[in-house]
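Subject: A structure for you to look at

Hi there,

Here is the structure I promised to pass on. Please open it next to this email and follow along as you read.

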Amino acid sequence: ARTLHELDLTTNYDLSTASDNGVSKSVGGNVPTGLAFSTDGLKLYVVDINPDQLRQYSLSTAWDLSTMNTTAVATKSLGAINAEGMAMNNTGTKIWVMGSADDTVREWTLSTAWDLSTATEGSTWDNSGVDTRLCGGDTDTDDTKLFFVGSQNGKFYEYPPTPATWTWEKEDIRGLFMGGYTSSASNVIDYITIATAGNATPFGDLVVATYDLGACSSHSRGV
C-alpha cells in the first residue's frame with residue numbers, strides 16, 4: 001500500500017511555507033498517481049496505475065487527513081490504461097482520467113454528485129498528437145477550462161472541458177501542483193503559477209517553488 005502525506009502551509013497556496021505535519025494515511029493500491037478532494041473536504045478520490053482504478057475515501061473532519069477512513073467506500077475499474085493522473089470538476093459530476101497506454105483522456109460522469117459508485121464512462125479524447133503522458137490535471141473555478149501537465153514534452157496544456165479537437169492555449173494558469181523527482185531532489189512537489197493575471201506571453205512569467213519531501217516515499221506522483 002502507498003501513503004498520502006499532509007502538509008501545512010502558513011501562507012495560503014505558497015509552497016515555500018510548507019511543512020510536513022506528520023499526518024499520513026495509506027491509500028491502498030501500488031502506484032497512486034493522482035488525487036482530488038470534494039469541495040467540502042469530506043471526500044477524497046485517488047487514481048491508481050496498478051491496478052488501474054479510481055477509489056473514493058471519506059473523512060469525518062473536512063481536510064483533516066488523520067480522520068480519513070482507509071477503506072475505500074467506492075471503486076471503479078479503469079481497464080489496462082496506465083492511469084497517469086486525474087482531474088475533477090468543482091460540482092463533483094465529472095472526472096477525467098489520463099491514460100498513457102493508449103494516449104487517451106477518459107471522461108466519467110457521476111449521476112449523483114461526489115458519489116463515485118454512480119460514475120459511468122463516456123467521452124474519450126485522443127491526446128497522442130499533443131503529449132503521450134498527461135500526468136496531472138485541474139480545472140478553473142467555473143469549470144470552463146481544464147489544465148494538464150504533460151511529462152513527455154514537459155509542458156502545461158489548457159483545454160476546454162469537452163473539446164471537439166485538442167487545442168493548446170497558454171494563459172492565466174494558476175496554482176498547479178505536481179509530484180515528481182529530479183536529479184537534485186529525489187522526491188519533490190513543484191508549484192507553478194503565472195505571476196501576472198491575464199498575461200498574454202506564453203509562460204512568460206512563471207514562478208516555480210519546490211518542496212522537498214525527503215525520504216517519505218521513493219517517488220512522488222501527481223497531486
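With which residue does aspartate 102 form a salt bridge? The partner is arginine 106, and the closest N and O atoms of the two are 2.6 Å apart. A salt bridge here is a side-chain nitrogen of Lys or Arg within 4 Å of a carboxyl oxygen of Asp or Glu.

Before going on, some background: this is a predicted model, where local features need pLDDT of at least 70 and side-chain atom pairs count only at pLDDT 80 or more, while totals for chains, interfaces and linings use all residues. Residues are numbered from 1 along each chain as its sequence is written, and side-chain values use heavy atoms, with hydrogens and water left out.

**Salt bridges**

The count comes to five salt bridges. Arginine 106 is buried, with a relative accessible area of 11%, whereas aspartate 102 is partly exposed at 33%. (Buried means under 20% relative accessible area, exposed over 50%, and partly exposed in between, using a 1.4 Å probe and protein chains only.)

Another salt bridge links glutamate 107 to lysine 94, with the closest N and O atoms 3.2 Å apart. Glutamate 107 lies in strand β9 (residues 104-110) and lysine 94 in strand β8 (residues 94-99), so this pair ties together parts that are 13 residues apart in sequence. Strands are DSSP runs (E, at least two residues), numbered from the N terminus. Glutamate 107 is buried at 6% relative accessibility, and lysine 94 is partly exposed at 24%.

**The sheet around β5**

Now find the open sheet, where four antiparallel strands follow the order β3-β4-β5-β6. Its edge strands are β3 (32-37) and β6, each pairing on one side only. Two strands pair if DSSP finds at least two bridges between them.

Strand β5 (residues 52-58) has six of its seven residues buried. Seven bridges join β5 to β4 (residues 43-49), and a hairpin connects β4 to β5 through two residues. On the other pairing, four bridges join β5 to β6 (residues 74-77).

Valine 46 stands opposite arginine 55, and threonine 75 in β6 is the bridge partner of arginine 55. Arginine 55 also forms a salt bridge with aspartate 48, with the closest N and O atoms 3.1 Å apart. Both arginine 55 and aspartate 48 are buried.

Enjoy exploring!

Best wishes
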